[in-house]
Amino acid sequence: MPDRMYQRVEVDGGVVVGVDGSSSSLHALTAAADEAARRSAVLHVVRAWSIRTAPRPDDCPPNAVPSMDAFQQEVEQDTRRLIAKKLGETPQIKIQVHAVHSPSPQALLSASRGADLLVVGHRGRGGFAGLMLGSVAEQCVRHAACPVLVTRPSV
């Protein structure tokens, strides 16, 4: 599928973090929020999704396929719940949520073009548990247009 068919994330400064709900991405969210607070910057939370990875809307009947709009709304709501659970209901920084129908690398790399810093977890939901660096983090380190911080929870 050509790259132009995916949604892009455009930001004007600030700290960008990729969140997919994995423990690694939630650790990255905390680190990114701390960094945004230090810089007095906006925290841009990017959640890339596909029909395969999006949470299913609760009100959708079992044998029905939700609309793209329903998926989009559910991803945004789920992302806001993750942020509130990790950072509290009233964080002391400005947060913008970007839920985009796009592969994670494309969404994060497009956001990196306007960001001051990109923060990602060392690995997400996919791949092999023993990997030191997942494919999305590796692509971000290699191709981002801004500095990249890769976080790793204490082991």
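**Figure 1. Contacts across the whole chain.** Among contacts in the chain between residues at least 6 apart in sequence, 72% join residues at least 24 apart, where contact means heavy atoms within 4.5 Å. This is a predicted model, in which local features need pLDDT of at least 70 and side-chain atom pairs count only at pLDDT 80 or more, while totals for chains, interfaces and linings use all residues. Residues are numbered from 1 along each chain as its sequence is written, and side-chain values use heavy atoms, with hydrogens and water left out. The chain has 4 helices and 5 strands, and from the N terminus on they run β-α-β-α-β-α-β-α-β. Helices (H or I, at least four residues) and strands (E, at least two) are DSSP runs, numbered from the N terminus. Of the 155 residues, 44% count as buried (under 20% relative accessible area, 1.4 Å probe, protein chains only; exposed is over 50%, partly exposed in between). The accessible surface comes to about 8800 Å², of which 50% belongs to carbon and sulfur atoms (Shrake-Rupley method, 1.4 Å probe).

Figure 2. The buried residues are Pro105, Ala107, Leu108, Leu109, Ser110, Ala111 and Ser112. Their cover includes the strands β1 (15–18), β2 (43–49), β3 (95–101) and β4 (117–121), along with helix α4 (135–143).

**Figure 3. The aromatic pair.** A search of the whole structure finds 1 aromatic pair; rings of Phe, Tyr and Trp (its six-membered ring) pair if their centres lie within 6.5 Å, and planes under 30 degrees apart count as stacked, over 60 as edge-to-face and the rest as tilted. Here the partners are tryptophan 49 and phenylalanine 71, with ring centres 6.0 Å apart and planes at 40°, so the pair is tilted. Because tryptophan 49 lies in strand β2 and phenylalanine 71 in helix α2 (residues 68–87), the pair ties together parts that are 22 residues apart in sequence. Tryptophan 49 counts as buried at 3% relative accessibility, and phenylalanine 71 counts as buried at 4%.

**Figure 4. Threonine 151 and its contacts.** You will find threonine 151 in strand β5 (residues 148–151). At 5% relative accessibility, threonine 151 counts as buried. Neighbours within four places in sequence aside, threonine 151 is in contact with Ser24, His27, Ala28 and Ala31, and also with Val119, Val120, Gly121 and His122.
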